[in-house]
Amino acid sequence: MKLKKTVLTIGVFAILIGAAGCSIVFRQLTGSKSFSSYSQDEKKAYIAEKLDEKYKISCEFSEVKKRAINIFQNEDDFFTTARVDSRDPFNIWIDDEGNITDTYRLIEDRDQINLYLTQRMGSVLSGYKLLDFPIMEKKPEDNWFDDSIEELVSAEGMNHLIYLLTEEFHDEDMQMIERIFEDLDGNIYIYEIEDPEKISSYEQLSSLDHIEHINLNGGDDDV
């Protein structure tokens, strides 16, 4: 009788593994929780701990949720936007198992991204300081950290927020600027100010009024 019960138990266990997956069965047997079962505060605390372990950073988070695709369907992964020092946003995706895909690389590589775009523009049009605050709107592929800066800035799902500052703006510059960045998605805001080199942060830009705006390929309109 004991042998039959043992065989039956093993059989049920095998069926559960095949039907639900090893990780789910493991959680059921051990009592551990899936990410989806966490409260909102627990979700944010979990993400904060993982980012601190990986990057040694402290962030604030938007609501952690699965974004709606349509009225009937949500995305597979949870999503949140994190901000370092109350600014510098980057997006994060978390699956039900708690695996995190983050885009903090855009913060780490911002100087290189700005240098690349500055050089691209400088080869055609001079007299502008460029600041870009890109954000990835689509979950990147696993190998995106292997991409070059040139590949990264034009990656699918990348949305650029480009600020161009100049002491003297000319109307004929508009078409040239559009051609320079025609392969990118996002928005360009142009400012005419004295001493553009003094501007280096998003906070400084937020107090200024732009004189021209270019929407690149239907990018999200966000200042």
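This is a predicted model: local features need pLDDT of at least 70, side-chain atom pairs count only at pLDDT 80 or more; totals for chains, interfaces and linings use all residues.
Which side chain does N187 join in a polar contact of 3.1 Å? The partner is N215, side chain to side chain.

## Around N187

N187 is found in strand 10. With a relative accessible area of 0%, N187 is buried, because buried means under 20%. Besides the contact with N215, the side chain of N187 takes part in a polar contact of 2.6 Å with H213. Picture, then, a residue of strand 10 whose side chain meets those of H213 and N215.

## Salt bridges

Let us turn to the charged pairs. Side chains of opposite charge can pair when their charged atoms come close. The count of salt bridges in this model comes to 10. Three of them are worth a visit here.

Start with R110 and D88, a salt bridge in which the closest N and O atoms are 2.9 Å apart. Is R110 buried or exposed? R110 has a relative accessible area of 11%, so R110 is buried. D88, at 10% relative accessibility, counts as buried too.

Next comes D183, which forms a salt bridge with R120, and here the closest N and O atoms are 2.8 Å apart. Again distant parts of the chain are linked: D183 sits in the loop between helix 7 and strand 10 (186-192), R120 sits in helix 5, and the two are 63 residues apart. In this pair the relative accessible area of D183 is 41%, which makes D183 partly exposed, whereas R120 counts as buried because its relative accessibility is 18%.

## A negative patch on the surface

Which residues gather in a patch of negative charge on the surface? They are E167, E168, E192 and E194. E168 has its place in the loop between strand 9 (158-166) and helix 7 (173-180). Its relative accessibility is 52%, so E168 counts as exposed, the cut-off for that label being over 50%.

## Positive phi angles

Now for the backbone. Most residues other than glycine have a negative phi. Against that background, two residues deserve a look.

K56, which is not a glycine, has a positive phi near 60 degrees. K56 lies in the loop between helix 3 and strand 1 (59-61), and its relative accessible area of 65% makes it exposed. D195 is not a glycine either, yet its phi is positive, at about 55 degrees. The place of D195 is the loop between strand 10 and helix 8 (202-206). D195 is partly exposed, because its relative accessible area is 31%.

## A buried serine in a loop

Where does S34 lie? S34 is in the loop between helix 2 (22-30) and helix 3 (40-55). S34 counts as buried, because its relative accessibility is 12% and the label applies under 20%. The side chain of S34 is joined to that of S36 by a polar contact of 3.0 Å.

## Apart in sequence, together in space

P89 counts as partly exposed because its relative accessibility is 24%. From P89 to C59 there are 30 residues along the sequence and 9.4 Å in space, C-alpha to C-alpha.

E203, for its part, is found in helix 8. The relative accessible area of E203 is 40%, so E203 is partly exposed. How many residues apart along the chain are E203 and R87? They are 116 residues apart, while their C-alpha atoms are separated by 8.5 Å.

Conventions. Residues are numbered from 1 along each chain as its sequence is written. Side-chain values use heavy atoms; hydrogens and water are left out. Helices (H or I, at least four residues) and strands (E, at least two) are DSSP runs, numbered from the N terminus. Buried means under 20% relative accessible area, exposed over 50%, partly exposed in between (1.4 Å probe, protein chains only). A polar contact is a pair of N or O atoms within 3.5 Å; within protein, one must be able to donate a hydrogen and the other to accept it, and residues adjacent in sequence count only if both atoms are side-chain atoms. Patches are made of residues with over 30% relative accessible area and no salt bridge: like charges are joined within 9 Å, nonpolar side chains (Val, Leu, Ile, Met, Phe, Trp, Tyr) within 5 Å. Accessible areas come from the Shrake-Rupley method with a 1.4 Å probe; for residues, only the protein chains shown count as cover. A salt bridge is a side-chain nitrogen of Lys or Arg within 4 Å of a carboxyl oxygen of Asp or Glu. Lys and Arg count as positive and Asp and Glu as negative; His and the chain ends are not counted. The place of a charge is taken as NZ of Lys, CZ of Arg, CG of Asp or CD of Glu.
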